[in-house]
Amino acid sequence: MQDSLRDLERELMLLSRHHILPAAARRRTPHLDRSAYLLLSRLEAEGPMSIGQLAEAFSLDVSTVNRQTAAMLQAGLAERIPDPDGGLARKLAITPEGTRRVAENREIVLSHLGDLVGDWSPDEVRTFADMVERLNAGIETRHGQRVWPRPARLPAQ
């Protein structure tokens, strides 16, 4: 087991050094940096969130999230809105431009991933996705992070 854990640690470390948007696409497309892609994806999945909620969800300092969201606000990718639940704090919401840019970047990522696993069977891709989801869910649970909202899956046909 210890050898397998060492192998897993090494592969996760190597995986973390890769940016999910291929370099060629970053040069020709107005790409989102990692933090914007992650923050906007979370707002897209969960809806409006406060800076504090985002900081908690990503286990980041509020000042870090403030800096990252300031750039998104300035670029028109997110906007401050009144709390839809009636609270006093304002929340951040993804704008239509933010939604468009996330979708554009996601399509490039999906194409790149499709190329990388092009010689895998659909079952291998599904198994890998399930295992990574299981690992991420375990990390979220163990570290008390807000669970990333995941869409319900349609039954396999």
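This is a predicted model: local features need pLDDT of at least 70, side-chain atom pairs count only at pLDDT 80 or more; totals for chains, interfaces and linings use all residues.
Which residues does Ala-55 touch, not counting residues up to four places away in sequence?

**View 1**
Residues are numbered from 1 along each chain as its sequence is written, and side-chain values use heavy atoms, with hydrogens and water left out. Helices (H or I, at least four residues) and strands (E, at least two) are DSSP runs, numbered from the N terminus. Read from the N terminus, the elements run α-α-α-α-α-β-β-α-α. The protein has 157 residues, and 24% of them count as buried. Buried means under 20% relative accessible area, exposed means over 50%, and partly exposed lies in between (1.4 Å probe, protein chains only). Take the contacts between residues at least 6 apart in sequence: 51% of them join residues at least 24 apart. Contact means heavy atoms within 4.5 Å.

**View 1. Ala-55, a buried residue of α4.**
Ala-55 sits in helix α4. Its relative accessible area is 4%, so Ala-55 is buried. Leaving out residues up to four places away in sequence, Ala-55 touches Leu-60, Asp-61, Val-62 and Val-65. Look at Val-65: 10 residues separate it from Ala-55 in sequence, and 6.0 Å separate the two in space, C-alpha to C-alpha.

**View 2. Helix α4 packs against helix α5.**
Helix α4 covers residues 51-58 and helix α5 covers residues 62-74. Their axes are 9 Å apart, and the packing angle is about 110 degrees. Axes are lines fitted to C-alpha atoms, for helices over the stretch in contact; angles run from 0 to 180 degrees between N-to-C directions. The two helices, α4 and α5, are therefore roughly perpendicular. Angles under 35 degrees count as roughly parallel, over 145 as roughly antiparallel, 65 to 115 as roughly perpendicular, and the rest as oblique. The crossing of α4 and α5 is right-handed. A crossing is right-handed if the near helix is turned clockwise from the far one by less than a right angle, and left-handed if anticlockwise. From α4 come Ile-51, Leu-54 and Ala-55; they meet Val-62, Val-65, Asn-66 and Thr-69 of α5. The contact of α4 with α5 has 5 nonpolar residues, 2 polar and no charged. Ala, Val, Leu, Ile, Met, Phe, Trp, Tyr, Cys and Pro count as nonpolar; Asp, Glu, Lys and Arg as charged; the others, Gly among them, as polar. Now find Ser-59, in the loop between α4 and α5. Ser-59 is not a glycine, yet its phi is positive, at about 55 degrees.

**View 3. Helix α3 crosses helix α5.**
Helix α3 spans residues 34-46. The axes of α3 and α5 come within 10 Å and cross at roughly 80 degrees. So α3 and α5 are roughly perpendicular. On the α3 side, the contact is made by Ser-35, Ala-36, Leu-39, Leu-40 and Leu-43; on the α5 side, by Gln-68, Thr-69 and Met-72. By class, the contact of α3 with α5 has 5 nonpolar residues, 3 polar and no charged.

**View 4. Gln-68 in helix α5.**
Is Gln-68 buried or partly exposed? Its relative accessible area is 23%, so Gln-68 is partly exposed. Beyond its neighbours within four places in sequence, Gln-68 is in contact with Ser-35, Leu-39 and Leu-60. Gln-68 and Ser-35 lie 33 residues apart in sequence and 6.8 Å apart in space, C-alpha to C-alpha.

**View 5. Helix α3 crosses helix α6.**
Here the axes of α3 and α6 come within 10 Å and cross at roughly 115 degrees. That makes α3 roughly perpendicular to α6. This crossing of α3 and α6 is left-handed. Tyr-37, Leu-40, Ser-41 and Glu-44 of α3 make the contact with Thr-99, Val-102, Asn-105, Arg-106 and Val-109 of α6. The contact of α3 with α6 holds 4 nonpolar, 3 polar and 2 charged residues.

**View 6. Thr-95 in a loop.**
Thr-95 lies between β2 (91-94) and α6 (96-116). At 9% relative accessibility, Thr-95 counts as buried. Apart from residues up to four places away in sequence, Thr-95 touches Gly-76, Leu-77, Ala-78 and Glu-79.

**View 7. The structure's 1 aromatic pair.**
The pair is formed by the rings of Trp-120 and Phe-128: their centres are 5.6 Å apart and their planes stand at 80 degrees, so it is edge-to-face. Rings of Phe, Tyr and Trp (its six-membered ring) pair if their centres lie within 6.5 Å; planes under 30 degrees apart count as stacked, over 60 as edge-to-face, and the rest as tilted. Trp-120 is partly exposed, at 34% relative accessibility. Phe-128 is partly exposed too, with a relative accessible area of 47%.
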